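Thanks, everyone. I will take a few minutes on one model and go from the overall numbers to individual residues. Please have the viewer open.

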Amino acid sequence: MNWKPRKPRPLRAGAYVIPSLFTTANMLLGFYALLAGLEGQFQAAVLMLFAAACLDTLDGRIARLTGTASPFGREYDSLADLVSFGLAPALLCYLWGLHELGRVGFAAPAVYLLCNAARLARFNVSRRTADPAYFIGLPAPAAAGAIGSILFFVDTRGDSFLLQIVVLSALVVVGLLAVSTFRYVSFKEIDFRRRRSFRVVLVIASIAVLALIHIGLFFLVGAASYALSGPTAWVVGRLRRRRRAIRLRAATLRGR
């Protein structure tokens, strides 16, 4: 009797619900973060945004692993991101203390929201031609993390004029980084199964120690480092190209 191996059964249409559930949870966390902000619980609101960012990472990975990516899922994900990482951080900052600055306090969150909306729209139309190893412009979850980490670190209402100016400036800078053309590592191409050097282990251990010592400082340093990595890499690249050009010019002159 000849035995034939069974063909793998294709995933049912219901499998498309799986990544959408993560996207829905992402949006609901953004909504609950807004409710927490209205109650003055800003640290809890920021933690919800961090959890939403984790879910945003998972829904895309699950969709790719299960082969359930779809145009609907991509658009739905962008709408959820606009709520959780665009609207929620902007309104939280306004409720936190920027409302005391009048029109300026309204303008900065509005700039941040509009920049993130434009960033998400650009990401949708350029997804097919983009390098998967990099994001163009600061991703929306990272932008929300940069703003949220400041509120989490401060752990108080924005009664200080100096802190209000810091948050207001951060909203504008982070918003501009979102619509910039700086490249940010996406971490999609990183193989966690590869062996790493001992230095990498030391870096990971240092990060873990910082998280244990002061979780607020850990969030702030991590979010700020990633947000600044794009312009820093651009500056370093420009300097390297300039040095190469100088060396090439010097070699050409010596050749004459």
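The protein averages a pLDDT of 84, and 84% of the residues score at least 70; pLDDT is the predictor's confidence in each residue, from 0 to 100. This is a predicted model, and local features need pLDDT of at least 70, side-chain atom pairs count only at pLDDT 80 or more, while totals for chains, interfaces and linings use all residues. Residues are numbered from 1 along each chain as its sequence is written, and side-chain values use heavy atoms, with hydrogens and water left out.

Where is the confidence lowest and highest among the elements? Helix 7, residues 198-213, has the lowest mean pLDDT, at 70, and helix 6, residues 161-178, has the highest, at 95.

Now the fold. The protein has eight helices and two strands, where helices (H or I, at least four residues) and strands (E, at least two) are DSSP runs numbered from the N terminus. In sequence order the pattern reads α-α-α-α-β-α-α-β-α-α. Of the contacts between residues at least 6 apart in sequence, 83% join residues at least 24 apart; contact means heavy atoms within 4.5 Å.

On surface, the protein exposes about 16,400 Å², with carbon and sulfur atoms supplying 66% of it. Accessible areas come from the Shrake-Rupley method with a 1.4 Å probe, and for residues only the protein chains shown count as cover. Buried residues make up 34% of the 256 residues, buried being under 20% relative accessible area, exposed over 50%, and partly exposed in between (1.4 Å probe, protein chains only).

Let me start with helix 1. Its 22 residues should span 32 Å at 1.5 Å a residue, and the end C-alpha atoms are 31 Å apart, so the two agree. The expected span of a helix is 1.5 Å times one less than its number of residues. The buried residues here are P19, S20, T23, N26, G30, A33, L34, A36 and G37. Their cover includes helix 2 and helix 3.

Which residues of the protein make the nonpolar surface patch of about 490 Å²? They are L28, F31, Y32, L35 and L38. Patches are made of residues with over 30% relative accessible area and no salt bridge, with like charges joined within 9 Å and nonpolar side chains (Val, Leu, Ile, Met, Phe, Trp, Tyr) within 5 Å. A salt bridge is a side-chain nitrogen of Lys or Arg within 4 Å of a carboxyl oxygen of Asp or Glu. L35 lies in helix 1, residues 17-38, and counts as partly exposed because its relative accessibility is 36%.

I62 is in helix 2, residues 42-66. Is I62 buried or exposed? I62 is buried, because its relative accessible area is 19%. Leaving aside neighbours within four places in sequence, I62 is in contact with I18, F22 and T68.

Next, the loop between helix 1 and helix 2, where G40 is found. Just after helix 1, G40 takes a positive phi of about 80°. G40 has a relative accessible area of 26% and is therefore partly exposed. G40 and L92 are 52 residues apart in sequence and 9.2 Å apart in space, C-alpha to C-alpha.

G40 also meets R157, which lies in the loop between helix 5 and helix 6. Not counting residues up to four places away in sequence, R157 touches G40, F42, L95 and W96. The C-alpha atoms of R157 and G40 are separated by 7.9 Å, at 117 residues apart along the chain. R157 is partly exposed, because its relative accessible area is 40%.

Helix 4 gets the span check too. The 24 residues of helix 4, residues 103-126, should span 34 Å at 1.5 Å a residue, and the end C-alpha atoms are 34 Å apart, so this agrees. Buried in helix 4 are G105, A108, P109, Y112, C115, N116, R119 and L120. These buried residues pack against helix 3 (71-96), strand 1 (134-136), helix 5 (140-154) and helix 6.

Last, W234 in helix 8, residues 215-255. W234 counts as partly exposed because its relative accessibility is 43%. The C-alpha atoms of W234 and F182 are separated by 6.8 Å, and the two residues are 52 apart along the chain.
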